[in-house]
Amino acid sequence: MVKHMYPLLHITSVLQILAITSATVIPNLVNFDLQHQFTLPLHANADNQRPLLAEYAPPSETPSISLKARPVTVYRPKSLDAHERARLRSLHHAETEPIEWEEAVVSGPDIEDRHTLSQLARMTANAYQLPGHKNWYNLDSSWNVNASFPFGWDNDEDGFRGHVFASEDNSTIVLSIKGTTLQGPTSKKDKLNDNLLFSCCCARVDFSWVFSTVCDCYSWSALHQRCDDTCLSAALTRDSLFYSTGVNLVKDLIFLYPFADIWLVGHSLGGSLASLLGSTFGLPAVAFEAPGERMAANRLHLPLPPPIGNSPLPPVPITHVYHNADPIPQGTCTGIASACAQAGYAIETRCHLGKTIVYDTVQKLGWHVDVRKHVIKQVILEVLDLEDGWLDEDGHLWDVPVAREEADCVDCFKWEFGHFKDKDVDG
């Protein structure tokens, strides 16, 4: 049983002040009324963890968190219990079980609105610290602070952290999930989840990583790099995997806010987790600079709604946002000499669920591909806050680039996957 990582006092407070109205009309504006002083630390100290947010300067003006919404069609499992039962049956017994899906129209974030994306990105930054810190969005007097709470901060070793934001009338809830922290109490589990979810085979970059792998699924062959599928799926059942913890948290939010629209956001690892959870529950999610999680969804045996129309991909309400100077979401921070491998990370996947918004910062801003461009400050200040538009390949100018599916994407094409552990694989 996975332990809930947010204090019971917070949940009790939320239950006491819960006042939810069922909305039948999709609102076009969600008001959070935040006033903040967004200044991330220039230098980490011993009392503070160091996230992927270093050397951050405050924006020139103080925007309020006022998000535009639009109708979004989602497909949700008719029964969450049946959905989980089907997933576990596939995972443990390689047997399929049919899932009934329900179509619904909900209020989701307007991913074509630059300001909305910018504010959601700022919410992801808040997932890296507690309220009251100098790098936190300060709340004004109109904010119902009792309806907003952090989670995962009561135990340094749990790892799955972030913040739950509520709109003024509790009609919209935003779950913001923390990404990877390079130095801090969650770093070890962050790295474990990164290497389990986004490496081709147990974080085995080459033979020198034999003692640094996170599972034992590699199968030696003289001719091929082979990896055992059954072993990989079993490795993703660990209690330390953040996905399982996130499932319990989302279930609690649905219980607490049964009539609210729930959105999920996150940066890096947090973005991929937001996508996996959004795909599980049929909830809109926006992920910033996140590694490809499509292969992780397959290895988790995550039941997804069937494709519709001409698209080969499942219709999940996920939007990925990244720029093309960041190698992590593109799966190019790879190889033993890469910065990721040197830091102990094997982030090799590049295929994403849902649709992807890619900012061409290489062409427009003259950036070189560099893992240091992965930090959320680059996304907020130098990409999302840019007001002069982005040209597409046809020469059209857009406030936000058009979201597209990654239909022809293939992960880990140099690897051979199958059932090799019980076979002779001499090559």
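Q: What does buried mean here?
A: A residue is buried when its relative accessible area is under 20%. The model described here is predicted.

Q: Why does leucine 384 count as buried?
A: Its relative accessibility is 1%. The cut-off is under 20%, so leucine 384 counts as buried.

Q: Where is leucine 384 placed, and what is it in contact with?
A: Leucine 384 is in helix H11, residues 376–384. Leaving aside neighbours within four places in sequence, its contacts are Arg114, Leu117, Ser118, Ala121, Phe288, Val321, Tyr359 and Val379.

Q: How do you know that leucine 384 and valine 321 are in contact, and how far apart are they in sequence and in space?
A: Valine 321 is listed among the contacts of leucine 384, and contact means heavy atoms within 4.5 Å. The two residues are 63 places apart in sequence, and their C-alpha atoms are 9.7 Å apart.

Q: Why do S1 and S3 count as paired strands?
A: Pairing needs at least two bridges. Three bridges join S1 (residues 29–31) to S3 (residues 66–77), so the two strands count as paired, and they run antiparallel. One of the bridges has leucine 29 with lysine 68 as its partner in S3.

Q: How do you know that S3 and S4 pair?
A: Nine bridges link S3 and S4 (residues 101–109) in the antiparallel sense. With at least two required, S3 and S4 therefore pair. Alanine 69 stands opposite proline 109 in S4.

Q: What makes S1 and S4 edge strands?
A: The open sheet has three strands in the order S1-S3-S4. S1 and S4 each pair on one side only, which puts them at the edges. From one strand to the next, the twist averages 40°.

Q: Which strands does helix H3 lie across, and at what angle to S3 does it run?
A: Helix H3, residues 114–126, lies across S3 and S4 and runs at about 80° to S3.

Q: What makes a set of residues a nonpolar core, and which residues touch the most other members of the largest one?
A: The members are buried nonpolar residues joined through side-chain atoms within 4.5 Å. The largest core has 60 residues, and Leu175 and Leu277 touch the most other members. Helix H6 (residues 242–256) gives the most to this core, seven residues. A second, separate core has 29 residues, including Trp263 and Ile380.

Notes. Residues are numbered from 1 along each chain as its sequence is written. This is a predicted model: local features need pLDDT of at least 70, side-chain atom pairs count only at pLDDT 80 or more; totals for chains, interfaces and linings use all residues. Side-chain values use heavy atoms; hydrogens and water are left out. Helices (H or I, at least four residues) and strands (E, at least two) are DSSP runs, numbered from the N terminus. Buried means under 20% relative accessible area, exposed over 50%, partly exposed in between (1.4 Å probe, protein chains only). Axes are lines fitted to C-alpha atoms, for helices over the stretch in contact, and angles run from 0 to 180 degrees between N-to-C directions.
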